[in-house]
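Subject: Structure handover, salt bridges

Hello,

Here is the structure for your set. My notes on its charged side chains follow below.

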Amino acid sequence: MSTFYIEQFGCRATQADGAAIERQLLDRGCTASASPQTAEFVVINTCTVTSSADTQARDAIRKIHAQNPAAKILVTGCYAQRAPEELAALPGVSFVVGNSHKPQIPDLIATNNNDLVAISAVGAQYIAPLSPRLMVGDIFQTRDVLVAPVLGGEGNHTRPTLKIQDGCNNRCSFCVIPFVRGKSRSLPPDTVLSEIRRLCNSGFQEIVLSGINLGSWGRDFSTRADFLDLLRRILDETPLSRLRISSIEPLDVTQDLIALFASTSRIAQHFHMPLQSGSDNILSAMHRWYRTEHYARRVTLIREFLPHAAIGADVIAGFPGETEADHAATLRFIDSLPFTYLHVFSYSSRPGTKAAALDSQLPGETIHRRAAELRALGESKAAAFRVSQLGRTHRVLTLNRPSKLSNAPWTPALSSNYLQFRISASLPANQFLDVRAVAGQDNFLHAEVIASLQPAAASA
């Protein structure tokens, strides 16, 4: 059977796809390699949200091919769906498999099939050459959510990600993701519950729910389902100790959702809501469905119910037509709210999006300066939040050490409110502890252990 290595890029949903492919390959008898240098197949699971993400993927392909010329490189993910011919032209690439055909990757690698018939790319009227082989089809015809059965461990991850939703029906003017992920579609609720129970039976104590537009889960069912009801069922019908949700759109953060978070210790006190801009003019140009007053109301509600919750946001610097006044408004808006961290993106023109056709593109130096100012503000917000948590008691989950820090005299851990801790002891991963934050250093809090805990009870 084949040996394989998976190189991951992109968001949690993409990483969850990679974990599913890995699980399925292992189930078919393939062997995971420790590095791309020793693998027969190297899967590059790409992102295409920015031009820098595309560059990272191309650089990785070139590097892997140079280090392991015999490897068959299979490129998949969002970049593969968007521009398959571009990737197929790179030296060393044997297969380009779009998101539309991602479920076929395990069979392709497990059988080491060199005689696969190519499928034409989205919108293209041609037959792909035999080498490299292209497997890319109409993503809008895709109806399934890629998920793998959990039969044992989940690689080296302490907190597995379960993707329960894929695709997006929104059309933000800057975003290419709907065109490479397709329509919004949801994992059935009974499947979600079954997967969570399997993960719990495998010993995992925290699971992260992810999706491309997570709050839209269930809206595509013939009998519409509600994300809030799904969360209640997870609490009621599984023994999961702690549930965390990934990014969720601000208009999906309702008072009822916040109240549910506040009612139980089994949901992490962590909200990541994409903001993108603090200027209503730019939000309108972005085709976002809210304005700053709507966003601020959600943040205020979170703080009322959960005074110590993590509140993070995505922000784009340098959207076409963004003036200095718009940028200043964004800085003021962020500064006025109790954010605990920011993810800042420099605007990147994406082919096929409405924003890419605008004549008001900004110079690169202006975009980079504004991004740097936003990052500095985000770092200031994060540092202030860490200081505010000193002296408090936190329930943390110990994590696996990164391989390069395997001999470190401390153990990394994560709190419910998304704080990174270092505990001065060598402790096993996947263990709940009560700790007290005693000092801050760089992006971490140092802690002293108060108590070692059994898994949290299944009741709220």
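Which residue forms a salt bridge with arginine 369, and how far apart are the closest N and O atoms? The partner is glutamate 324, at 2.4 Å. This pair links distant parts of the chain, with arginine 369 in helix α13 (residues 364–388) and glutamate 324 in helix α12 (residues 324–336), 45 residues apart. Arginine 369 is partly exposed at 35% relative accessibility, and glutamate 324 is partly exposed at 41%.

Please note that the model is predicted. The count of salt bridges comes to 28.

Another of them joins the side chains of aspartate 17 and arginine 181, at 2.9 Å from N to O. Aspartate 17 sits in helix α1 (residues 12–27) and arginine 181 in helix α6 (residues 177–181), so the pair links parts of the chain 164 residues apart. Both aspartate 17 and arginine 181 are buried.

Glutamate 448 belongs to strand β19 (residues 444–453) and arginine 436 to strand β18, 12 residues apart. Glutamate 448 has 39% relative accessibility and counts as partly exposed; arginine 436, at 32%, is also partly exposed.

Salt bridges with shared partners also join Asp17, Lys102, Lys163, Asp166, Arg181 and Arg185 into one network.

Strand β18 (residues 432–441) also holds aspartate 434. Aspartate 434 counts as buried because its relative accessible area is 16%, under the 20% cut-off. Its side chain makes a polar contact with the side chain of arginine 395 at 3.4 Å.

Regards

Conventions: Residues numbered from 1 in each chain as written. Predicted model: local features only at pLDDT ≥ 70, side-chain atom pairs only at ≥ 80, totals over all residues. Heavy atoms only, no water. Helix = DSSP H or I, 4+ residues; strand = E, 2+ residues; numbered from the N terminus. Buried < 20%, exposed > 50% of the residue type's maximum accessible area, 1.4 Å probe, protein only. Polar contact = N/O pair within 3.5 Å; in protein donor to acceptor, adjacent residues only side chain to side chain. Salt bridge = Lys/Arg side-chain N within 4 Å of Asp/Glu carboxyl O.
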